[in-house]
Amino acid sequence: MTKATKEPAEPARILVVGGGYVGMYTALRLQRRLKQRLRHAAGVVEAAAPDAPDALGTPGAPVASSLESAAGVIITILDPDPYMTYQPFLPEAAAGSISPRHVVVPLRRVLPDCQVIVGEARTIDHARRVAHISTLATEEADAARAGRAAPGEYPEPQTLELPYTELVLAPGSVARTLPVPGLAEHGIGFKTVEEAIGLRNHVLEQLDIASSTRDPALRDAALTFVFVGGGYAGVEALAELEDMARYACRYYHNITADDLRFLLVEASDRILPEVGAEMGGYALRELRARNIDVRLETRLDSCENRVAVLSDGSRHPARTLVWTAGVKPHPLLARTGLPVTGRGKLKCAATLRVEGTEHAWSAGDAAAVPDLTADTEPTDGAEPPLCAPNAQHAVRQARSLADNLAAVGEGREPTPYRHSYAGSVASLGLHKGVAHVYGRKLKGYPAWFMHRAYHLSRVPTFNRKARVLAEWVLSGLFKREIVSLGSLEHPRAEFESAAGTVRRPDEN
């Protein structure tokens, strides 16, 4: 048999579900490791269908069943957004220290040799190795069909089948909400760049409301900001926005910094547990020294009618309630048929392959990966220690996952993931922070500087590093921006009003 007949005509397809840390870094590493095979697959596809630019490929086209035996490889990234959000920079973006467009990394620019599909996986049929996905086009078609449907009729959503050879599940996590009355109506999340910028505009808008009203109850509610959750997201978001709001007050003739009221609600007995008890205690004292009301061992019972009712019996009228009380695995994981833990994460071996499953891999927030560097051994019947769901592990797991996929393609055995936790850093606002890294504890300016240096080194691409650094330098030389652009959330409002389709509040 000749060599030409040994090599299959169809390329293998690696499907990466999720364009966050794990998804993007995995694809980036694979792009470098499999460059020749990617180019070979591109040539095969071009020769087969030179006029088909569709990233989904030709419907019904065959896909190689083995990555090892395939001559070429196609890497497809599936995510609802065409960019990766560097989440550690969200608090600074909300405070105006970094431009929102520099917090995100465009996938198509960083991954030119990969195919990017803006869409969402609805279900996974791993027995057939097919993902059922929806895209912007199928959602438009669903909306049109729903508009033509009879009253009470709800057509089934349309999906497309996307076959794959190897599956990388990295959809990340979603906000873990609780059945708190009023939370769905009045709560604001803090996981996306849209939420961060929306929160910035909202906070500045509350200052405008407080400055222009004579109603003392409305003024007090507008100047009260409640944050629920004392982890990284909650503490850093609160600290940065408090800094920004305090600075903005100097430009209001009838609002002072003492009029602001920030409240942090945490169900446990400490904040920032990742940096240790000592540094967490320092962070607590630092926040309270800034007149931030921190309530430990307290829960939010209700926020109906814009009144935050806490488990200690106190009531706080507030027009701003930010929910950062943890995350949970993405709902997609429950629709894959793959083994999951009691908490809904995929059971993974140390090689990052889904336990007991071929051709399926995972890492990051979606995966329960055993921590091989843990000092403690699991007791009988207990689960082994797992890697913490943070960016430090996610980035390194992504690289290890990509190396293992490349090794499988070359007929080698995958290598177990192993990384000793280096520590944590957290910002408490401009020039303030805490850090516990490699056993050393820092606070104040040195910790803040380390926080910035670490994340600047980790944000992808030289382009983004240079832009973020330039903005930091400029923000140190010039004053903060305190403009609220809340109208960006409703860009057609002015035109609709001019066209007569929407009445202004002052129109009869």
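Tyr86 is buried in this predicted model, with a relative accessible area of 4%; buried here means under 20% relative accessible area, exposed over 50%, and partly exposed in between (1.4 Å probe, protein chains only). Tyr21 also counts as buried, at 15% relative accessibility. Residues are numbered from 1 along each chain as its sequence is written, and side-chain values use heavy atoms, with hydrogens and water left out. As the model is predicted, local features need pLDDT of at least 70 and side-chain atom pairs count only at pLDDT 80 or more, while totals for chains, interfaces and linings use all residues.

The structure holds seven aromatic pairs, where rings of Phe, Tyr and Trp (its six-membered ring) pair if their centres lie within 6.5 Å, with planes under 30 degrees apart counted as stacked, over 60 as edge-to-face and the rest as tilted. The ring centres of Tyr21 and Tyr86 are 5.9 Å apart and the planes stand at 85 degrees, so this pair is edge-to-face. Because Tyr21 lies in helix H2 (residues 21–33) and Tyr86 in the loop between strand E3 (83–85) and helix H4 (90–95), the pair ties together parts that are 65 residues apart in sequence. Helices (H or I, at least four residues) and strands (E, at least two) are DSSP runs numbered from the N terminus. Ring pairs link Tyr21 and Tyr86 with Phe89 and Trp472 into a cluster.

Turning to the strands, an open sheet of five is arranged in the order E10-E17-E11-E12-E13, with parallel pairing; two strands pair if DSSP finds at least two bridges between them. Strand E10 (187–188) and strand E13 (293–295) stand at the edges with a single partner strand each, so one side of each has no neighbour in the sheet. Within the sheet, strand E11 (residues 224–228) runs parallel to strand E17 (residues 320–323), and four bridges join them. Val228 stands opposite Trp323 in E17.

Phe478 is found in the loop between helix H14 (462–477) and helix H15 (493–499), and counts as exposed at 56% relative accessibility.

For the protein chain as a whole, there are 15 helices and 24 strands, and buried residues make up 47% of the 508 residues. Among contacts (heavy atoms within 4.5 Å) with a separation of 6 or more, 70% are between residues 24 or more positions apart. The accessible surface comes to about 25,200 Å², of which 53% belongs to carbon and sulfur atoms, by the Shrake-Rupley method with a 1.4 Å probe; for residues, only the protein chains shown count as cover.
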